[in-house]
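Here are my notes on this one, as promised. Have it open while you go through the points.

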Amino acid sequence: MKINPQKSNPPRRTLKARRLKTITVALGKRSYPIYIGAGVRNSAGKILKRLRLPKQTVIVTDTIVARLYLDDVRRSLVEAGFSVLAIVIPQGESQKNLRRADAIYTELLRNRIGRKVTIIALGGGVVGDLAGFIAATYQRGVNFVQIPTTLLAQVDSSVGGKVGINHPLGKNMIGAFYQPLCVIADTETLQTLSERERVCGLGEVIKYGIILDAKFFDHVQKDLADIIAMQPAAIARVAARCCELKAYVVSRDEKEENLRAILNFGHTVGHALEQAGHFRSLKHGEAVLLGMIAETFLAHRLKMIAEADLRRIEDIITAVSLPRSFGFVFSVRKLIDTMRSDKKSLGGKIHFVLPQKIGKITLPMPVNEETVADALRYLNQFVKGL
Ligand SMILES: NC(=O)c1ccc[n+]([C@@H]2O[C@H](COP(=O)([O-])OP(=O)(O)OC[C@H]3O[C@@H](n4cnc5c(N)ncnc54)[C@H](O)[C@@H]3O)[C@@H](O)[C@H]2O)c1
């Protein structure tokens, strides 16, 4: 498929004085800015004031992020004249469920929070998805702002408006498309991420290179050491490019009717792996990295991608230090059953977006289950060989 994000991207504004990059997600009246920069969390209050948001704010965050960054964001909001209610939840994927959402609704109601409020997600993708789901549903929808603090959230999950929670029978099965009013991505916060969380975010970074931008893939490969070390300049460039690419896709297909499906590369196998490990063994980003190995092999098996590109993709993924075991019993049959019930499968057939070369990918296409089984066996061997 022909995609040219370079040409059709909305113009990028660079505010040099504050070393702040602004990227716009162009969605007509619902367009919104993504601010990327070191220390920008301390300008959250000014940014919300400029957007003329109501005086009441509610920050949803988790215990780890609260300890690190809640005071900064709260101070910035209070200084700009906002009142702040902070709701702090335990960390982790297991919180992204209806029970936790219900507890948050209760807290909002007990505090008599009305519709004139801005819900601010301060944290990683878990907090972003959950708080966004609350914002989309509380009193039929209230203002929403994202302050992502993991690499994965800054380069991917905070942009594009997918919000939601998990159901025991499937990941992200309950949710909405609900765009934030702005995204405030402070690259400084990435310094405190564990190595494991850095790797998780790199999965999505590499994904953008494979699906949309061969030059960016080269750049990530070249600068990998600096990026893994979260070197500020390297990470700011990477975050900005990923956000531009995501903004490009979301602006063209907000509700995943066609083009947006390409963002699911690595996720069909990845979600099945996450579910097989009951969301405890593998983190989302790790599962996506492993999923990309299996799905690239699938493309190679179907003679869609050259061996050389398969090897380059395997090399870069191996270089970011993958988990050396799945952490659960690997069953090809069970994984295939899970993929069949994934919301991306159509008419009971498992669909994949498959790379044709680095920088170019197909729209979703059905693949027969025997070939999928081969790719899963290949992945199993690959992980054993790490
Ligand atoms: N909505 C979307 O478009 C989209 C896209 C991709 C992934 N996701 C979702 O995102 C979630 C994964 O997100 P994640 O990887 O950010 O996980 P996460 O939110 O669980 O964060 C990972 C861990 O890092 C900690 N943390 C966060 N920021 C930190 C910081 N600056 N310093 C130190 N520790 C920090 C958190 O407390 C948590 O323990 C999954 O639920 C996935 O489904 C959503």
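1. Start with the bend: α3 has a kink of about 60 degrees, centred on Y69. The bend at a residue is the angle between axes fitted to the seven residues ending there and the seven starting there. Helices are DSSP runs (H or I, at least four residues) and strands are too (E, at least two), numbered from the N terminus.

2. A word on the source: this is a predicted model, where local features need pLDDT of at least 70, side-chain atom pairs count only at pLDDT 80 or more, and totals for chains, interfaces and linings use all residues. Residues are numbered from 1 along each chain as its sequence is written.

3. Y69 is also one of the buried residues of α3, along with V65, A66, V73, R74, S76 and L77. Buried means 20 or more other C-beta atoms within 10 Å of the residue's own, with C-beta atoms placed from the backbone. Their cover includes α2 (44-50), β4 (56-62), β5 (83-89), β6 (118-123) and β7 (143-148).

4. After α3 comes G81, with a positive phi near 95 degrees.

5. What about the ligand? It has 30 residues around it, the closest being G124, G125, V126, T150 and S157; the cut-off is a C-beta atom, placed from the backbone, within 6 Å. Elements giving two or more residues to this shell include α3 (63-79) and α5 (125-137).

6. On confidence, pLDDT (the predictor's confidence in each residue, from 0 to 100) averages 92 over the protein, and 95% of residues reach 70 or more. Over residues 6-17 pLDDT stays under 50. Where pLDDT is low, the predicted coordinates should not be read in detail.

Notes:
Buried ≥ 20, exposed ≤ 12 C-beta atoms within 10 Å, placed from the backbone. Contact = placed C-beta atoms within 7 Å.
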